[in-house]
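Here is a friendly walk through one structure, with an eye on strand pairing and on charged side chains. Have the viewer open and follow along.

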Amino acid sequence: MGINYDIEDLRAFCTLVRAGQYTAAASQLCITTSALSRRVAKLEDRIGGKLFERTTRRVVVTPIGRTLYERVLPAVSRLDACLLEASRAALGQGGNLAVGTVASVGYSVFPKVLPVFYAAHPHTYLSIRDANATVVAKLVEDGEVEFGVTTVVSFPQSLVIEKAAVYGYNLVYAKGSALRPRRRTLTWTQVSALPVVGLHPLSSTRLQIDSVLHASGIALPWKIEVDQLATMVGLVQTGDFVAVMPGLFDAAGYGLQSVPVGAPDIVRDIYLVRRHDVSLSPAGQSLLGLIRARLGAG
C-alpha cells in the first residue's frame with residue numbers, strides 16, 4: 001500500500017537534516033519552528049518511525065532518516081530543477097525547445113534566423129529534428145516537437161496548418177562548372193540530359209517531381225541517388241554533377257549557382273504546423289515568427 005505524503009514535508013525534512021537545528025532550518029524555509037516540527041512529525045507518522053532524535057542542542061538523524069535523506073534529496077532537487085526550468089521557459093528565459101523541419105528548410109532558413117533567435121533567447125537549448133515531410137508532421141502530432149516546417153502531406157485534424165510560402169524548383173550547379181547552363185531557364189526535358197543527383201524516392205521533393213514528370217511523359221532526370229542533403233551539395237560542389245533543389249535553397253550560401261526549371265512548372269508549398277491543443281512556449285513563438293518572416297521574404 002502506498003504512503004501519502006506532502007512534498008513540502010519532504011523539503012522540510014531535507015532542510016532540517018542539512019541545517020541540524022530547528023531554528024536554522026525554519027529560517028531557511030521561512031516558516032516557524034512549530035510549523036517545521038509539525039511537518040516532521042506528520043512525515044514520521046506516515047512512515048511509522050522516527051527520523052530524528054532530539055537533544056537539547058541539536059537534532060540527530062536516525063538510521064531510517066539518513067537512508068531516507070540519501071534517497072529523497074536527489075529526487076527533490078530534480079523536481080525543483082524541473083519546476084524552475086518550466087518557469088524560466090514560460091517566461092522565455094531558457095529551457096528546451098524542440099522543432100521539426102524538412103531538410104531543405106533546415107539547410108536554408110534556420111542558419112539565417114538562429115542568430116537573431118539566440119540574441120533574444122541565449123539560454124534556450126534547441127533540438128532540430130530534420131526529416132521528411134511525413135515524419136515532421138508525425139513528430140508534431142505526437143507532441144515530440146512544438147511545431148514543424150514541412151511540405152504537403154496528409155495532415156491529421158489535430159494540427160493547425162498555415163501555408164507560409166510557395167516555391168518552384170531550380171537547377172543547382174557549381175560556379176565555373178562545364179555543366180553551367182547557357183540559358184536563364186531550363187525545361188525538365190533539358191534537365192534530364194544532365195548528371196543530376198537526387199534524394200531518395202520517398203523524399204517529398206522526389207515524390208512530387210516524379211509524379212508530375214511521369215504524368216507529363218518526361219523522363220526522370222536522376223543519375224545518382226543519395227539520402228542526405230549534405231552529400232548532394234558535396235557532389236554538386238565538385239562541378240561534375242548538378243541537382244534539382246527547391247527555390248528556397250540558398251545556393252549562393254554554399255558557393256553554388258542556380259537557374260529556374262519549368263515546362264511543366266512544379267511548385268512546392270511550405271507549411272507551418274502545430275497542435276490545436278498545445279500552446280507554444282515564448283521561445284517557440286519567437287522562432288516560429290522568425291521562420292514565418294523569412295519564408296515570406298522569399
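In this predicted model, strand S7 (residues 169-174) pairs with strand S11 in the antiparallel sense, and four bridges hold the pairing. To find a place where the two meet, pick Asn170: its bridge partner in S11 is Met245.

S11 has another neighbour too. Strand S9 (residues 196-199) runs parallel to S11, and two bridges join them. Here Val197 is a handy landmark, with Ala243 as its bridge partner in S11.

How many of the residues of strand S11 are buried? Five of the five residues, 242-246, are buried, so the strand is largely enclosed by the rest of the structure.

Now to the charged side chains. The count of salt bridges comes to 10.

| Salt bridge | N to O distance |
|---|---|
| Arg11 and Glu8 | 2.8 Å |
| Glu144 and Arg129 | 3.4 Å |
| Asp269 and Lys163 | 3.6 Å |

Let us take these pairs in turn. Arg11 and Glu8 both belong to helix H1 (residues 7-19), where they sit three residues apart, about one turn of the helix. Glu8 is partly exposed, its relative accessible area being 32%.

The side chains of Glu144 and Arg129 meet in a salt bridge with an N to O distance of 3.4 Å. Glu144 lies in the loop between helix H7 (133-141) and strand S5 (147-151), while Arg129 lies in strand S4 (residues 124-130), so the pair ties together parts that are 15 residues apart in sequence. As for accessibility, Glu144 is partly exposed at a relative accessible area of 43%, and Arg129 is partly exposed at 35%.

Is Asp269 buried or exposed? Asp269 has a relative accessible area of 19% and is buried; the cut-off for buried is under 20%.

There is also a group to look at beyond the pairs in the table.

Note on methods
Residues are numbered from 1 along each chain as its sequence is written. This is a predicted model: local features need pLDDT of at least 70, side-chain atom pairs count only at pLDDT 80 or more; totals for chains, interfaces and linings use all residues. Side-chain values use heavy atoms; hydrogens and water are left out. Buried means under 20% relative accessible area, exposed over 50%, partly exposed in between (1.4 Å probe, protein chains only). Two strands pair if DSSP finds at least two bridges between them. A salt bridge is a side-chain nitrogen of Lys or Arg within 4 Å of a carboxyl oxygen of Asp or Glu.
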